[in-house]
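This report describes a protein model from its fold down to individual side-chain pairs.

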Amino acid sequence: MRLKENLRRQVAFCASFIEIAISTVVLIAIIIAGFQVVREMIGLVGDPKAHESFTLFLGHAFNLIIGVEFIKMLCRHTPGSAIEVLLFAIARQMVVEHTSPLENLIGIVTIALIFAIRKYLFVPTFGAGSEEDKEKPEPAAK
């Protein structure tokens with residue numbers, strides 16, 4: 001049994017190391033892409049097609065934000081961080097892609113469902129005990 005547990009710990013450690021490596025690579029890519037976004041922002045000044053350029057800029061900026069949230073999700077391993085990534089991805093789709101009214105409605109309903117899940121079904125930390133347990137006074141020591 002000890003060998004099996006030790007092997008599981010080593011595999012989990014390797015998986016964590018790979019996650020950190022991927023997060024680092026994504027972070028470097030976000031920094032590089034951030035310079036491009038700044039360059040695009042400067043290019044908006046005096047651009048006769050600023051509206052189209054702004055849409056492109058907004059899409060790139062949202063991609064960077066989603067990338068940052070993705071890195072946070074990999075580092076934190078919490079349901080809340082996964083929900084934040086989903087919210088940003090849906091918001092990006094609605095804002096940048098100029099979707100149809102039906103697609104907008106579906107996006108809004110999806111966001112509403114995510115907020116409902118977050119409010120009523122969200123468990124911040126699994127196995128940490130319920131709120132009722134925290135509110136009960138501890139028995140006095142004799």
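## Salt bridges

Glu97 is partly exposed, with a relative accessible area of 40%; buried means under 20% relative accessible area, exposed over 50%, and partly exposed in between, using a 1.4 Å probe and protein chains only. The partner of Glu97 in a salt bridge is Arg92, and their closest N and O atoms are 2.9 Å apart. A salt bridge here is a side-chain nitrogen of Lys or Arg within 4 Å of a carboxyl oxygen of Asp or Glu. Arg92 is buried, at a relative accessible area of 15%.

The model is predicted: local features need pLDDT of at least 70, side-chain atom pairs count only at pLDDT 80 or more, and totals for chains, interfaces and linings use all residues. Residues are numbered from 1 along each chain as its sequence is written, and side-chain values use heavy atoms, with hydrogens and water left out.

Searching the whole structure gives two salt bridges. Besides the Arg92 and Glu97 pair, Lys72 and Glu69 are joined by their side chains, at 3.1 Å from N to O. Both of these residues lie in helix H2 (residues 50–76), three residues apart, about one turn of the helix. Lys72 is partly exposed at 28% relative accessible area, whereas Glu69 is buried at 8%. Apart from neighbours within four places in sequence, Glu69 is in contact (heavy atoms within 4.5 Å) with Glu84, Val85 and Phe88.

## Overall fold

The secondary structure consists of five helices and zero strands, which gives the pattern α-α-α-α-α along the sequence. Helices (H or I, at least four residues) and strands (E, at least two) are DSSP runs, numbered from the N terminus.

The protein has 142 residues, and 21% of them count as buried. Among contacts in the protein with a separation of 6 or more, 57% are between residues 24 or more positions apart.

## Nonpolar cores

In soluble globular proteins, nonpolar side chains tend to be buried together. A nonpolar core is taken as a set of buried Ala, Val, Leu, Ile, Met, Phe, Trp, Tyr and Cys residues joined through side-chain atoms within 4.5 Å. The largest such core has six residues: Ile30, Val37, Leu44, Phe57, Leu64 and Ile71. Helix H1 (2–43) and H2 are the elements that give two or more residues to this core, and H2 provides the largest share, three residues.

A second, separate core has five residues, including Ile83, Leu87, Ile90 and Ile111.

## Aromatic pair and cysteines

Rings of Phe, Tyr and Trp (its six-membered ring) pair if their centres lie within 6.5 Å; planes under 30 degrees apart count as stacked, over 60 as edge-to-face and the rest as tilted. The count by this rule is one aromatic pair. Phe54 and Phe57 form that pair, which is tilted, with 6.1 Å centre to centre and 35° between the planes. The two residues are three apart in helix H2, so about one helical turn separates them. Phe54 is partly exposed at 40% relative accessible area, while Phe57 is buried at 15%.

The structure contains zero disulfides, a disulfide being a pair of cysteine sulfur atoms within 2.5 Å. Cys14 is partly exposed at 44% relative accessibility, and Cys75 is exposed, with a relative accessible area of 54%.

Gly107 is found in helix H4 (residues 101–121) and is buried, with a relative accessible area of 8%. Leaving aside neighbours within four places in sequence, Gly107 is in contact with Ile90 and Met94. Ile90 is also one of the residues of the second core. Gly107 and Gln93 are 14 residues apart in sequence, and their C-alpha atoms are 8.3 Å apart in space.
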